[in-house]
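Please look at the sequence and the model first.

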Amino acid sequence: MRKILYTLALAATILVTSSLMSCSKEETNSFDVPAEGILVAMPGDSGTTTFDSSNITSITATSIPEGWSVDSIDMYTGTITVTAPTSFDNEEVESGTITLTGYTPTGDTKSQSIYVAIVSNEVNLYASPANCYVATQPITRYIFNPMLGGNGDTAIALNTAEVKVIWETTDGLIKYLDMRDGKATFYIDDSASEDEEATGKVQYGNALIGGYDEDGELQWSWHIWVTNNNPMASENTVELNGQTMMSINLGAELNSNGSTTGSTIYESFGMYYQWGRKDPFVGPHSYTFPGNSDDTLYDGNNGPMYIEYVESNAEQGTVSWAISNPYSTIKGNKDNDYDWLYSGHDDELWSNTTKSNNDPCPAGWRVPDASLFANMTIATSYDDMVWEDLQKRYGLLLVNTTTNAEYFFSAQGRRNYIDCRLDIVNDDAVRPVPWSGYYWTTTTDGGNAKALYFDLNTATRTWNGLDVARSMHRANGMPVRCVKE
């Protein structure tokens with residue numbers, strides 16, 4: 001009997017020891033400050049950010065910039081609070097890096113660096129909710145409301161607990177993204193590298209920021225349009241058919257105005273949108289569409305990020321799924337007029353009468369209806385141009401036949417409705433063309449929607465294609481020119 005009991009006890013001991021060893025192997029030690037920085041507005045101000053840790057029992061500041069203080073590191077709430085210097089009479093500095101060291105129960109350490117700085121430049125966008133925020137100022141902190149999705153008075157209340165970068169076109173474009181007390185902040189740096197003098201300009205690019213609930217589920221996303229040419233400024237707007245229109249495509253850096261310089265053409269393209277969706281998709285890797293490949297994207301950890309191409313079905317072909325998966329282009333459903341929606345058509349996603357909550361333009365601006373492009377034709381100077389010269393311009397100069405005012409529109413192709421791949425060439429077997437241009441409107445046409453369309457006709461240069469209200473499948477991804485509300 002004793003032998004049996006001893007054997008059972010030994011087996012139990014082995015089992016417990018094995019379990020403890022198994023737990024030890026699975027145990028993870030981590031320490032991370034997602035925002036990577038704390039920015040304050042004035043000397044003497046305090047700032048707070050959050051940290052994430054696993055199996056960390058204590059954290060100490062092992063290196064602090066002169067004049068700064070670490071007021072508290074709260075392990076219970078996961079917050080770090082610092083205070084900036086009040087004066088700079090001695091060796092105090094306006095910015096620097098704090099080194100934080102986390103200790104595990106077994107004595108191991110995990111280190112994390114956090115940037116601290118006084119940033120007096122601030123742009124507060126909190127009171128103007130939108131799906132797109134424009135950032136034009138370098139060395140500036142921007143504030144927006146992550147608790148509202150959509151636009152204006154009809155914006156949707158969210159239960160956002162955390163904000164993170166989903167993708168960005170330039171590594172490090174969005175810095176020190178943080179959320180405290182219902183406000184989200186991010187920082188836009190100067191375009192100069194660390195060893196260069198400040199340029200006074202931003203690094204042009206686009207980014208998508210996501211708002212997540214406590215369970216890590218994506219609730220909403222916001223497009224950050226970083227550009228040196230404020231698209232809402234008077235010098236970058238024009239009057240067309242009684243409406244004030246941006247002369248720059250949504251998400252672009254500039255209007256190429258017929259330039260033949262490759263970089264200028266490329267920066268005029270902007271973002272691409274499936275009809276009725278609020279979130280942008282990037283364009284080609286180069287203005288010449290080599291291999292029709294997508295532009296490079298980076299995720300919030302500076303790793304590679306790729307657009308997904310998915311089928312429209314009962315699960316994925318819905319508005320709610322599209323909102324939760326803003327990086328996924330949804331292929332056209334041939335049984336539903338090549339809409340990205342699996343069934344039916346929602347004409348109010350982009351409304352003709354009001355700025356909808358899915359409208360992708362900045363606050364105070366909206367996607368235009370088809371009347372914007374009425375009375376437009378190709379300018380004589382472009383229709384008479386030598387074909388080889390016109391081909392290099394990647395776009396057409398259009399003229400309003402009523403006012404004789406001229407407007408240049410880039411030809412940046414589209415993401416086609418069948419597989420969502422980038423395509424700038426109209427591959428008509430009878431009349432192929434080297435480039436084509438498309439611009440969405442809110443006006444619907446049965447299961448389709450209207451768009452400005454043009455191309456360069458290789459057969460007869462004096463009869464270049466132009467249709468100011470072409471019926472297009474809604475799964476197409478195409479550019480937008482915003483108009484003032």
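Glu 122 has Arg 141 of strand β12 opposite. The model is predicted, so local features require pLDDT of at least 70 and side-chain atom pairs pLDDT 80 or more, while totals for chains, interfaces and linings use all residues. Residue numbers start from 1 along each chain as its sequence is written, and side-chain values rest on heavy atoms, without hydrogens and water.

**The four-stranded sheet**

The open sheet runs in the order β10-β12-β17-β16, and its pairing is mixed. Strands are DSSP runs of E with at least two residues, and helices are runs of H or I with at least four, both numbered from the N terminus. Two strands pair if DSSP finds at least two bridges between them.

**Pairs compared**

| Strand pair | Sense | Bridges |
|---|---|---|
| β10 and β12 (residues 140-144) | parallel | 3 bridges |
| β5 (residues 58-63) and β8 (residues 95-103) | antiparallel | 5 bridges |
| β8 and β9 | antiparallel | 9 bridges |

**Around β8 and β9**

Ala 61 stands opposite Leu 100 in β8, and Ile 98 has Ile 114 of β9 as its bridge partner. The hairpin of β8 and β9 has 5 residues between the strands, and there Gly 107 adopts a positive phi near 95°.

Thr 109 belongs to β9 (residues 109-118). With a relative accessible area of 44%, Thr 109 is partly exposed, where buried means under 20%, exposed over 50% and partly exposed in between (1.4 Å probe, protein chains only). Leaving aside residues up to four places away in sequence, Thr 109 touches Thr 101, Gly 102 and Tyr 103; contact means heavy atoms within 4.5 Å. Ser 120 is 11 residues from Thr 109 in sequence, and their C-alpha atoms are 35 Å apart.

**Overall figures**

The protein contains 5 helices and 37 strands. Its C-alpha atoms fill a box of roughly 100 × 75 × 40 Å along the principal axes. Of its 485 residues, 51% count as buried. Among contacts with a separation of 6 or more, 60% come from residues 24 or more positions apart.
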